[in-house]
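Okay, thanks for making time, everyone. I'd like to walk you through one chain today, so let me put it up on the screen.

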Amino acid sequence: MSSGGVAELFICEADAVPESGRGVRFAVTAFGEAATGFVVRHHGKVYGYLNRCAHVPIELDWAEGEFFESSKTYLMCSTHGAIYLPENGQCAGGPCKGGRLRPIALREENDKIYWQPDDFVRAPQIPIKPHHDEL
Ligand code: FES
């Protein structure tokens, strides 16, 4: 049990995230706004980041889930080509110089992947439906 932290949230089955292949996006609330996170697998391990370029705050994937560039070595922002190291999110070239992706803590267990909300990247807002049927 975690010590008073927010409960982790299920993202997907482990086999939905193939080695250096398509990533899986998941909804988050980042710094108070609706956003997405993503998970990719690199050398067998899963890594999670906020889906936001360090250069200009827009999503990285030009086609949904496509985060790796063609050599499968780096994660790449499709807009102006910033590249990031999958294992730590550090910028490795391009206009993100000196920046890094915002990591999101993940846990892979029993063939399932979960993420851990923190103070700035929180669970997605759930729209509250009015209770029309209340008497
Ligand atoms: S917005 Fe991502 S490289 Fe510029």
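So, going from the N terminus, the elements read β-β-β-β-β-β-β-β-β-β. That is zero helices and ten strands, where helices (H or I, at least four residues) and strands (E, at least two) are DSSP runs, numbered from the N terminus.

Two bits of housekeeping. This is a predicted model, so local features need pLDDT of at least 70 and side-chain atom pairs count only at pLDDT 80 or more, while totals for chains, interfaces and linings use all residues. Residues are numbered from 1 along each chain as its sequence is written.

Overall dimensions next: along the principal axes, the C-alpha atoms fill a box of roughly 60 × 35 × 30 Å. Of the 135 residues, 26% count as buried. For burial, we count other C-beta atoms within 10 Å of a residue's own, with C-beta atoms placed from the backbone: 20 or more is buried, 12 or fewer is exposed, and in between is partly exposed. As for contacts, meaning C-beta atoms, placed from the backbone, that lie within 7 Å, 48% of those between residues at least 6 apart in sequence join residues at least 24 apart.

Now the sheets. Seven strands make an open, antiparallel sheet in the order E1-E9-E8-E4-E3-E2-E10. When I say two strands pair, I mean DSSP finds at least two bridges between them. Which strands sit at the edges here? Those are E1, residues 9-13, and E10, residues 121-122, and each pairs on one side only.

E2 and E3 run antiparallel and are joined by seven bridges. Arg 25 has Phe 38 in E3 as its bridge partner, and Ala 30 is partnered with Glu 33 in E3. The two strands form a hairpin with two residues between them, and Phe 31 in that turn has a positive phi of about 50°. Ala 30 also stands opposite Val 121 in E10, and E2 and E10 are joined by two bridges in the antiparallel sense.

Then E3, residues 33-42, pairs with E4, residues 45-50, antiparallel again, over six bridges. Across that pair, Arg 41 stands opposite Val 46 and His 42 stands opposite Lys 45. This one is a hairpin too, with two residues between the strands, and His 43 in the turn has a positive phi of about 50°.

While we're on phi: most residues other than glycine have a negative phi, and most peptide bonds are trans. Ser 20, not a glycine, has a positive phi of about 50°. It's in the loop between E1 and E2, and Ser 20 counts as partly exposed because there are 16 C-beta neighbours inside 10 Å. Asp 111 also has a positive phi, near 65°, and lies in the loop between E8, residues 103-109, and E9. Is Asp 111 buried or exposed? Exposed, because it has 9 C-beta neighbours inside 10 Å.

Back in E2, have a look at Ala 27. With 14 C-beta neighbours inside 10 Å, Ala 27 counts as partly exposed. Ala 27 and Ala 123 are 96 residues apart in sequence, yet their C-alpha atoms are 7.6 Å apart. Not counting residues up to four places away in sequence, Ala 27 touches Thr 36 and Pro 124.

On to the other sheet. An open sheet of three strands runs E5-E6-E7, antiparallel. E5 and E7, residues 91-93, are at the edges with a single partner strand each, so one side of each has no neighbour in the sheet. Two bridges join E5 to E6, residues 83-84, and in E6 the partner of Met 76 is Ile 83.

Last stop, the core. A nonpolar core here is a set of buried Ala, Val, Leu, Ile, Met, Phe, Trp, Tyr and Cys residues joined through C-beta atoms within 7 Å. Which members of the largest one touch the most other members? Of its 27 residues, it's Val 39, Val 40, Leu 75 and Ala 82. At least two core residues come from each of E2, E3, E4, E5 and E9. Leaving aside neighbours within four places in sequence, Ala 82 has contacts including Cys 53, Met 76, Cys 77, Cys 91 and Cys 96.

That's my tour; over to you.

Conventions. Contact = placed C-beta atoms within 7 Å.
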